[in-house]
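Hi,

Here is the structure I promised to send over. Have a look at it first, and then read my notes on charges and rings below.

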Amino acid sequence: MDATLGRLFVRERSGWRHLDPLLILTTVALSVYGLFMVYSATQQTLELLGEPDPAFYLKKQLAFLMLGVIAMMVAAVFDYRLVKVYAPFLYAGVVFLLLLVLTPLGDETAGAQRWITIFGFQFQPSEVAKLAVVAMLAAYLSEIAGSIRLEHVWRAAAIAVGPMVLIFIQPDVGTTMVFAAVLVALLVVQGARLKHIGALMIVALVSLVVAFQLGIVQDYQIARLTGFIDPAADPLRAGYNKAQAEIAIGAGGLTGKGYLQGTQTNLDFVPEQHTDFVFTVVGEELGFLGAMLLLGLFALLLWRGFRTAMLSKEPFGTLLAVGVTTMIAFQLFVNVGMTLGIMPITGIPLPFVSYGGTSLITNFLGIGLLLNVHMRRFK
């Protein structure tokens, strides 16, 4: 018994030699970048509101960052194959929390019921649900022997659809889209046929049309879509966010107006600038060069994530790494795309950069899982 424990201890110690320091440094650099942007987006507003501490949001985000780093370390310590064992329990737990959100225990903010307050901390279960669904899909698909058939595609879709529906009716279309992207990515990696994925997409489109017809989609969500198609039709409401975001980014030019010097930012022309529209702060104050630096860090992170997936020696590790990396990549694409006017406004935060505790900690947990797979790629 002692000899077995000794071998396990030596094996785990050797695993730490295979950490990916570049992935860790890139993740921390993105988060620090975010701290500067969150402070710039909030300090002037807090001063105007008479808040004695203009660094209020900065300090909270810094606390979330430290918790995120701890979460990343914890997720990297244990063997990631245990995630496969406990994936059904994690999945059941988040489904329960998503149901709880829709009860009177859930907190409603700005017409959306997406949060639960636990011990004074506002917690968003849909963020954690992303990782739980990634783990459950990876666990299921990795067990399929041989070629993946249509029945496997439907079963995988059923795993994702439950949380998707509960999140869609909160309402939160943006997060629902993240689940769809992860599902398609994992099916492609596992070798699903294009015609099967096409059939799945047709069913999804029909379901979306039915949701519109039944009035499940909220009026403001429809307005966002029409505002994206024709911003000039309602520039003061549906098209306002899009127009102001483009003005802020365009005003930055090549090098930007300077940190804390953005007029669109300081005068609060862009709504929710510390969360969904934080990229506009980067564009206005740091310009094209600052935005390219940020996107370059994201490109580095995504490269390390997909590289980890390719290095994994077994299906579950590959699928887990692909799922986590796709989750981050899709949020990046939609968030930056909506500020540039090439995607409709959906309310997806920019990973590691936008203000928000649950989102930041969840993304760090995802990085911890990537580190875990990378460390144990030789086993």
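First, a term for what follows: a residue is buried at under 20% relative accessible area, exposed at over 50%, and partly exposed in between (1.4 Å probe, protein chains only). Please keep in mind that this is a predicted model, where local features need pLDDT of at least 70 and side-chain atom pairs count only at pLDDT 80 or more, while totals for chains, interfaces and linings use all residues. Residues are numbered from 1 along each chain as its sequence is written, and side-chain values use heavy atoms, with hydrogens and water left out.

Rings, then. Pairs are counted among Phe, Tyr and Trp (its six-membered ring) when the centres lie within 6.5 Å; planes under 30 degrees apart are stacked, over 60 edge-to-face, and the rest tilted. That rule gives seven aromatic pairs. One of them is stacked: Tyr80 and Phe316, at 6.1 Å centre to centre with 15° between the planes. It ties together distant parts of the chain, since Tyr80 sits in the loop between α3 (56-77) and α4 (81-101) and Phe316 in helix α13 (residues 315-340), 236 residues apart. (Helices, H or I, of at least four residues and strands, E, of at least two are DSSP runs, numbered from the N terminus.) Tyr80 and Phe316 are both buried.

Tyr86 and Phe89 make a tilted pair, because their ring centres are 6.3 Å apart and their planes stand at 50°. Both belong to helix α4, three residues apart, or about one turn of the helix. Phe89 is exposed at 60% relative accessible area, and Tyr86 is partly exposed at 46%. There is also a cluster in which ring pairs link Phe56, Tyr57, Phe64 and Tyr355.

On to the charges. Searching the whole structure turns up nine salt bridges, each a side-chain nitrogen of Lys or Arg within 4 Å of a carboxyl oxygen of Asp or Glu. In one of them, Arg304 meets Asp20 at 2.9 Å, N to O. This pair also links distant parts of the chain: Arg304 is in helix α12 (residues 278-311) and Asp20 in the loop between α1 (2-15) and α2 (21-48), 284 residues apart. Arg304 counts as buried at 10%, and Asp20 is buried at 1%. The charged end of Arg304 also sits over the ring of Trp303, 4.6 Å from its centre; the rule there is NZ of Lys or CZ of Arg within 6 Å of the ring centre and within 35 degrees of the ring normal.

Within helix α5 (residues 125-142), Glu127 and Lys130 are three residues apart, so about one helical turn separates them. Their salt bridge has its closest N and O atoms 3.0 Å apart, and both residues are buried. Glu151 and Arg155 lie four residues apart in helix α6 (residues 150-168), about one turn of the helix. Salt bridges with shared partners join these two and Arg149 into one network.

Which residue is buried yet has no salt bridge? That is Glu285, whose nearest side chain of opposite charge, Lys257, is 9.0 Å away (Lys and Arg count as positive, Asp and Glu as negative; His and the chain ends are not counted). Glu285 is found in helix α12. The side chain of Glu285 does have a polar contact of 2.6 Å with that of Ser40; such a contact is a pair of N or O atoms within 3.5 Å, and within protein one must be able to donate a hydrogen and the other to accept it, with residues adjacent in sequence counting only if both atoms are side-chain atoms.

Cheers
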